[in-house]
Amino acid sequence: MAINGLNKITDKILSEAQAKADKILADAEAECDRINAEYAERAEKIRSEISTEAEKGGMEYVARIRTTAATSKRNLLLQTKSDLIDGVFAGVLEQTRNLELQKYNEILIGLLSAALLEQLDAEETSRNLYGEEEALAPEVYEVILNQRDRDRSGKDVIEGVQKHLSGKVAADKLSRVMLSTQTANIDGGLILRCGSVESNCSLAILFAQLRES
């Protein structure tokens, strides 16, 4: 749910950024063409000036110039594309943090629901493998937000998850989902702490994963 929501946001902003990206890449291509033309002009000048005896050495130099031009073009394009991606995802992160409160809370609820279900699935797997005594469930599923989100969304997120997972997760498990008194130094999203285990569902981590994709 949360990832799908974030993907929709990402797709929308990527679409809006496409025109800008195309122009930047076109400018980069133009710069590469200028570099190629400059190196070609230099190479031709060198070739016309060298004597027959020095032709072999001169042509090797010309080849090196052409290789340098090709490398410069490749590096320029790669850096331009990388900068574009970084800029787009920085914008996505900022827009997500500043969503209308209800929509932002829905993302937090989705993230927490997914993290909690994953934790409960891990506990079930542990019980099946090692038995009940070796797979003690934590007393509290502690939800850690940053200060801003804790103040404005904390209670609503806990209640929203309990409502969303009602009937899917045992009531005694849901009753252990509690808002932490601590806060985290994250831009948005949350951290789910289950005893000594933490699931980092911060927006920075999620968008880093999306960027890799």
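## Cysteines

Cys201 counts as buried, with 12% relative accessibility (buried is under 20% relative accessible area, exposed over 50%, partly exposed in between, using a 1.4 Å probe and protein chains only). Cys194 is buried too, at 5%. The model is a predicted one, where local features need pLDDT of at least 70 and side-chain atom pairs count only at pLDDT 80 or more, while totals for chains, interfaces and linings use all residues. Residues are numbered from 1 along each chain as its sequence is written, and side-chain values use heavy atoms, with hydrogens and water left out.

So why no bond between these two? The sulfur of Cys194 sits 9.9 Å from its closest cysteine sulfur, in Cys201, and that's too far. A disulfide here is a pair of cysteine sulfur atoms within 2.5 Å, and the count comes to zero.

## The core

The largest nonpolar core has 31 residues (buried Ala, Val, Leu, Ile, Met, Phe, Trp, Tyr and Cys joined through side-chain atoms within 4.5 Å). Leu112, Leu116 and Leu192 have the most contacts inside it. Helix H3 (101-130) is one of the elements supplying at least two residues, and H3 gives the most, with nine. Helices (H or I, at least four residues) and strands (E, at least two) are DSSP runs, numbered from the N terminus.

Skipping neighbours within four places in sequence, Leu112 is in contact (heavy atoms within 4.5 Å) with several residues, among them Val143, Val157 and Leu192.

## Helix H3

H3 has 30 residues and spans 43 Å from first C-alpha to last, close to the expected 44 Å (1.5 Å times one less than its number of residues). Just after H3, Gly131 takes a positive phi of about 95°.
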